[in-house]
Amino acid sequence: MWKTWVVKVAWLYVAPVKSLAIEERASVYIKRHGVDGDREFCLIGAEGRLLNGKRLGPVNAIRARFDAGTSHLELRMPNGAGVEGVVRAGEAVVVTIYGHSAPAHVVEGPWAEALTEEIGRPIRLVRLDRAGDGVDRATKAAGVTLLSRGSLERLAEEASLDAPVDPRRFRMLIGIEEASPHEEDGWISKRVRIGEAVVVPGGNVGRCVVTTMDPDTGESDLDTLEVLARYRGSTWSSEPLAFGVWATVEHEGRVALGDNIALLED
């Protein structure tokens with residue numbers, strides 16, 4: 001059964017390459033592991049360790065486009081320079097992503113040289129072998145993340161901002177329209193229908209320095225961590241500096257912008 005009220009899907013964000021710029025979708029098909037193609041690639045250093053925005057600075061300003069049907073990948077640098085080609089698998093590697101090991105293959109082609117030149121240190125692009133391994137909470141099968149505009153509005157108020165906080169800072173898959181601030185916290189352990197899919201939020205998403213960076217420039221311009229610590233520090237959460245929630249997928253299905261989101265009765 002449905003609750004008597006619903007809220008709406010405000011945005012759908014994915015990132016073909018983990019830590020690089022996110023892109024908005026009009027619709028996605030949510031599977032048990034999340035969305036196909038989301039965080040399918042990632043960056044590693046010369047020693048084979050995962051590199052992200054916390055270590056590399058403004059990489060979230062580099063845009064990636066990947067066509068799974070043709071295996072064509074394009075990277076666009078902040079200065080407009082681009083590099084593209086067909087993805088071809090090279091050396092097999094194992095990448096450690098937030099405590100779990102993920103098998104992958106180095107991507108052969110021009111991308112490593114372009115990324116190394118842009119970032120200023122040796123970089124290799126790898127493609128993960130298993131769908132869903134690129135998400136931060138893969139060991140919990142957390143294929144979905146959710147954040148409400150109401151929470152963003154509360155953050156802007158606490159930070160004394162005149163303009164809205166850009167939701168892309170937080171890199172969440174699904175945005176929620178018409179919900180009250182931090183309403184999503186109350187959905188933990190409950191069943192939630194989103195479009196055709198049903199998910200079960202399992203905990204909060206803890207935040208890091210990447211959220212302080214402007215998503216277009218990669219420059220740090222808003223101390224989100226200080227603001228969250230100040231007004232959310234005494235609030236119970238499953239992770240520190242919590243903002244939004246992660247969820248497992250109970251029932252797969254299509255989700256589109258404007259779709260209804262509703263709690264399901266037990």
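Q: Helices here are DSSP runs of H or I with at least four residues, and strands are runs of E with at least two, both numbered from the N terminus. Going by that, which elements each supply at least two residues of the lining of the largest pocket?
A: In this predicted model, helix H1 (53-56), strand S13 (144-148) and strand S16 (197-206) each do that.

Q: How much space lies in that pocket?
A: The largest pocket holds about 650 Å³. It is lined by 29 residues, and Lys18, Arg39, Asp136, Arg137 and Arg207 are the closest to its centre.

Q: And what's the lining like by class?
A: There are 10 nonpolar, 9 polar and 10 charged residues in it.

Q: Switching to helix H3, which of its residues are buried?
A: H3 spans residues 149-158, and its buried residues are Gly150, Ser151, Leu152, Leu155 and Ala156.

Q: Okay, what covers them?
A: The cover over the buried residues of H3 includes strand S1 (7-14), helix H4 (224-232) and strand S17 (242-251). S13 is also part of that cover, and S13 supplies pocket lining residues too.

Q: One more topic: in what order do the strands of the open sheet with S3 run?
A: The order is S4-S3-S18, 3 strands with antiparallel pairing. Strand S4 (34-35) and strand S18 (253-256) are the edges, each pairing on one side only.

Q: How many bridges join S3 to S4?
A: 2 bridges join S4 to S3, which covers residues 27-31. Lys31 has Gly34 in S4 as its bridge partner.

Definitions and conventions:
Residues are numbered from 1 along each chain as its sequence is written. This is a predicted model: local features need pLDDT of at least 70, side-chain atom pairs count only at pLDDT 80 or more; totals for chains, interfaces and linings use all residues. Side-chain values use heavy atoms; hydrogens and water are left out. On a 1 Å grid over the protein atoms alone, a cavity is a set of points where a 1.4 Å probe fits but cannot get out, and a pocket is an open set with protein on both sides within 12 Å along at least five of seven lines; lining residues have an atom within 4 Å of a point. Grid points are joined across faces, edges and corners, and a volume is the space filled by probe spheres set on the points. Ala, Val, Leu, Ile, Met, Phe, Trp, Tyr, Cys and Pro count as nonpolar, Asp, Glu, Lys and Arg as charged, and the others, Gly among them, as polar. Buried means under 20% relative accessible area, exposed over 50%, partly exposed in between (1.4 Å probe, protein chains only). Contact means heavy atoms within 4.5 Å. Two strands pair if DSSP finds at least two bridges between them.
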